[in-house]
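My entries follow in the order I made them.

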Amino acid sequence: FMAFLIYRKVDVLWVLLAASAAVLILFRVSPLDYLSALADPCGSFLPKAAELVVLVYLINLLGMLMRGAGMEGTLVSGLEAAFGDKRVMAAFSPMTMGLLPMPGGALLSASMVDMTLHDVGDGGHKSAINMWFRHVWELVDPLYPGIILSSQILAVSFADLAFANWSMFWAMILAGSLLLLRRVEHTRRMSGISRPAGLLRVFHVLLPIAVAFAVTLLDRAAHDTPFRWLTGPLPGVIAGVVVAVLLWKVKIRGVPAAAKKAFEWKMLLVVVFALMLATGIRVSGAVEGMRLDFHRCNMPVILVIAVLPFLTGFLTGVTVAFVSMSMPVVAALTASSSAGLLAGFSVAYTMGFLGVLFSPVHLCILLSAKRFDTDLAATYRWMLPPGVFLVLVLVLQVLAVTFGPGFFHGLFR
């Protein structure tokens, strides 16, 4: 239903509202139960919606400050001097931002991608590049909630999980390079700036982002201390904004103008409507019902651990959702050997990750498409070929582990 509306180029706000209504009708959810879930101040919707709206606004403000201070041009010239290839520059910006596990973080790198690819007229192409390279780290980065939760459920170390997905991480970079960057014009460095000077410029621009990253990471270290409220994504972005104003020497009179431009009500409504849909799916019990249906149909193990996380990720657009639903199944079905467990994890996590990546309720793809003034269909059109490439590599990996010599089994020990 959502795919049809997206194909017909219906505005994403209407798509999200229509999908929420469809969930309530198809699963016979009581409107009172749904409204209670939305209005519950201690529930998951109101606190998360408020935090994400503020977070997305501040991320947008950081982007506006960057643009107002001319830092986008400084970054592009620095990357040009340091790397000398527009294709590397287009991938480097979202990959750098992707190290920070932040809801809607693709919005932060979108301005840099847009500046680097200013001569690329296809907004869907730029949105796909931003989305694809922004999320490569999610397969292996132990800072991401999905890897952390998988480690807890499967009782496997972060290092083992990251190593199990290492081939998919490189396959994702290869797929993006071949199928997304190949059509970007190859330009070499033309500026007279030296490489060290270029790296210094990059550092100067990215330091506020690094501060936001560091304050976010301190959340775990300060978990049981009185200073916990000073750490996490929201304090991190606030710290990043403050450092940006000071470091980039933003004029005080320019801050109100940037704050006004940063308030894009449609983008903020996308956040709220996406969370409303996710709440409807949670209240309806659709994901749990799907898991039980797979169990009753006696599907082959490999299909269960591939299809369940993919559909869960696609429906919810949230990594933690597919991890919490599928990893207990992986543990139960593949616990006979460590190699089988890690191979099962790699299949489930990669497929769930792809489901989230292509989900029409995934906050990043919604915000990225809005930022590049394009629709989801145009973004999907560019992302589909590398997505298929990633699935083919995953199939080859499964075949190698299942039928290959002991060397391949050893890769997952």
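**Entry: Met66.** I looked up Met66 and found it in helix 4 (residues 45-68). Helices here are DSSP runs of H or I of at least four residues, strands are E runs of at least two, and both are numbered from the N terminus. Met66 has 2% relative accessibility, so I log it as buried. Buried means under 20% relative accessible area, exposed means over 50%, and partly exposed is in between (1.4 Å probe, protein chains only). I then checked Met66 against Val205, which is 139 residues away along the chain. Their C-alpha atoms are separated by 8.2 Å.

**Entry: ground rules.** The model is predicted; local features need pLDDT of at least 70, side-chain atom pairs count only at pLDDT 80 or more, and totals for chains, interfaces and linings use all residues. Residues are numbered from 1 along each chain as its sequence is written, and side-chain values use heavy atoms, with hydrogens and water left out.

**Entry: whole chain.** I read 22 helices and zero strands. Of the 413 residues, 52% are buried. I also looked up contacts (heavy atoms within 4.5 Å). Among those with a separation of 6 or more, 79% join residues 24 or more positions apart.

**Entry: helix 7.** How many residues of helix 7 are buried? I find ten of the eleven in residues 106-116, so helix 7 is largely enclosed by the rest of the structure. The buried residues include Leu107, Met112, Val113 and Asp114.

**Entry: helix 19 and helix 21.** Helix 19 (residues 338-357) packs on helix 21 (residues 376-403) at about 170°, and the axes are 11 Å apart. The axes are lines fitted to C-alpha atoms, for helices over the stretch in contact, and angles run from 0 to 180 degrees between N-to-C directions. That angle makes the two helices roughly antiparallel. The cut-offs are under 35 degrees for roughly parallel, over 145 for roughly antiparallel, 65 to 115 for roughly perpendicular, and oblique for the rest.

On helix 19, the contact residues include Ala343, Val347, Met351 and Leu354. On helix 21, they include Met383, Gly387, Leu390 and Val401. I count the contact as eleven nonpolar, four polar and no charged residues.

I checked the length of helix 19 too. Its 20 residues should span 28 Å at 1.5 Å a residue, and the end C-alpha atoms are 28 Å apart, which agrees. The expected span is 1.5 Å times one less than the number of residues. Helix 19 is mostly covered, with 18 of its 20 residues buried.

**Entry: rings.** I found nine aromatic pairs in the structure. Rings of Phe, Tyr and Trp (its six-membered ring) pair if their centres lie within 6.5 Å; planes under 30 degrees apart are stacked, over 60 edge-to-face, and the rest tilted.

Trp137 and Phe169 form a tilted pair, 5.1 Å centre to centre with 40° between the planes. Trp137 sits in the loop between helix 8 (123-134) and helix 9 (145-154), and Phe169 in helix 11 (residues 166-179), so the pair ties together parts 32 residues apart in sequence. Trp137 is partly exposed at 22% relative accessibility, whereas Phe169 is buried at 2%.

Trp166 and Phe169 form a stacked pair, 5.1 Å centre to centre with 20° between the planes. Both lie in helix 11, three residues apart, about one turn of the helix. Trp166 is partly exposed at 37%. Ring pairs link Trp137, Trp166, Phe169 and Trp170 into a cluster.

How values were computed:
Nonpolar A, V, L, I, M, F, W, Y, C, P; charged D, E, K, R; others polar.
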